[in-house]
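Let's take a walk through a protein model together. Keep the sequence and the 3D view side by side, and look up each residue as we come to it.

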Amino acid sequence: MRSCRACGALSVALLWCLPAASYATENGGSVVPVGVQSMLPGLLMPAGNYLYNYNAWVNGFSARDEHGNDNGMGMTMATQAHAFRLLHVADPGLIEAGNLAFEANFVYTRTSLDMDYMDKSTSSGLSDITFGPSLGRHFGAYNDIFALLVTAPTGEYDKNRLANNGRNYWGIQASWAWTWYPRRDVDISGLAKIVYNTRNEDTDYQSGIETNLEYSANYYFAQGFFVGVSGFWHSQISDDKQHNRSVGANGNRINELTLGPQLGWGTPRYGAYFSWKRSLLSENTMDISQLWLNTFIAF
């Protein structure tokens, strides 16, 4: 069962920039991904270097208003994201508080947005880069990770285009993730995150402060396989603003809830897993489905 735990440990903390399926926040999207923290987000892997590849397919079926009803815009969305994440975990004992790590995330995205009475908008290319440190702690069956990451506006951006590779503003995210083993073949995990967005100088628009709570539970069985469920609750605690005024009927605040199954296989050196999620609640966002295929290798 130790190998199963190590498999999951090498699948944690996917923190790269993926356009989200929303139109809360400016022109839809977020500087941070939602729905990606499906495997042991609070368990930091042993000292070493790791390469992750993440692949996401997100479909948006209809845009919803602040009450969760179709807003009549006829909007649909399709996004693909293919990312690489480099993670270095320092040797134990570098600091007394826990194990220090540093990561850098690079992603290629292709997004298509279609809406009534407007031409389809499509964008593809390298997106914004995310990087920063994290601190992992281990207390037997309980583990947690604190992270402070920054997303830099390095992706291509055009204020006259609805779909863009980059966001054209900085994002700062602080998170606390935890993983608990109530028994050796079961884990219960969660991640709480808050994101502060700076102002887009080209449009004088500032997206509100976002929060994200991700949750998962997994059962490990023979020969490195596992099966489980995961989801997220993504919301805003402050209004979107443009020209220092709140936008929309309720500040354009997003509120969405998802849930779905996942399964995978791995060893301490490599592995892969699938995760699928579907909207249960969509307010100021799109009704979506997400499919993830994530792989990893230690070197």
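Through how many residues does a hairpin join strand 7 to strand 8? The hairpin gets from strand 7 to strand 8 through two residues. Before we go on, some ground rules: this is a predicted model, where local features need pLDDT of at least 70 and side-chain atom pairs count only at pLDDT 80 or more, while totals for chains, interfaces and linings use all residues. Residues are numbered from 1 along each chain as its sequence is written, and side-chain values use heavy atoms, with hydrogens and water left out.

Now back to the strands. A strand here is a DSSP run of E with at least two residues, and strands are numbered from the N terminus. Two strands pair if DSSP finds at least two bridges between them. Strand 7 and strand 8 (residues 186–197) run antiparallel, and eleven bridges join them. To find your place, look for W178, which stands opposite G190 in strand 8. Strand 8 also pairs with strand 10 (residues 210–220), again in the antiparallel sense, over ten bridges. Here K193 is the residue to look for, standing opposite N212 in strand 10.

There is also an open sheet of three strands, in the order 9-12-13, with antiparallel pairing. Strand 9 (205–206) and strand 13 (245–246) stand at its edges; each has a single partner strand, so one side of each is left without a neighbour in the sheet. Strand 9 pairs with strand 12 (residues 241–242) over two bridges, and Y205 sits opposite Q242 in strand 12.

Next, the surface. Which residues make a nonpolar patch of about 1,100 Å²? They are W57, Y219, F221, F225, V227, L263, W265, Y270, F274, W276, L291 and I297. Residues in a patch have over 30% relative accessible area and no salt bridge; nonpolar side chains (Val, Leu, Ile, Met, Phe, Trp, Tyr) are joined within 5 Å, and like charges within 9 Å. The areas themselves come from the Shrake-Rupley method with a 1.4 Å probe, and for residues only the protein chains shown count as cover. Strand 11 (225–236), strand 14 (255–266), strand 15 (270–283) and strand 16 (286–298) are the elements that give two or more residues to this patch. Strand 15 has the largest share, with three.

One of its residues is W265, and another is E256. Are they buried or exposed? Buried means under 20% relative accessible area, exposed means over 50%, and partly exposed is in between. W265 is partly exposed because its relative accessible area is 32%. E256, at 1%, is buried. Leaving out residues up to four places away in sequence, E256 touches V34, F232, W233, H234, L281, T285 and I288, where a contact means heavy atoms within 4.5 Å.

T154 counts as partly exposed because its relative accessibility is 47%. Beyond its neighbours within four places in sequence, T154 is in contact with S127, D128 and I129. T154 and S127 are 27 residues apart in sequence, with their C-alpha atoms 6.7 Å apart in space.

Finally, let's look at charged pairs. The structure holds seven salt bridges, each with a side-chain nitrogen of Lys or Arg within 4 Å of a carboxyl oxygen of Asp or Glu. In one of them, D287 meets R64 at 3.4 Å, N to O. This pair links distant parts of the chain, 223 residues apart: D287 is in strand 16, and R64 is in the loop between strand 1 (48–63) and strand 2 (76–89). D287 is buried, with a relative accessible area of 10%.

Another salt bridge joins D185 and R183, with the closest N and O atoms 2.5 Å apart. D185 counts as buried because its relative accessibility is 13%. R253 and D239 also meet in a salt bridge, at 2.7 Å, N to O. R253 lies in the loop between strand 13 and strand 14, and D239 in the loop between strand 11 and strand 12, so the pair ties together parts 14 residues apart in sequence. R253 is partly exposed at 31%, and D239 is partly exposed at 23%. Salt bridges that share partners also join R64, R278 and D287 into one network.

Technical notes: Helix = DSSP H or I, 4+ residues; strand = E, 2+ residues; numbered from the N terminus. Buried < 20%, exposed > 50% of the residue type's maximum accessible area, 1.4 Å probe, protein only.
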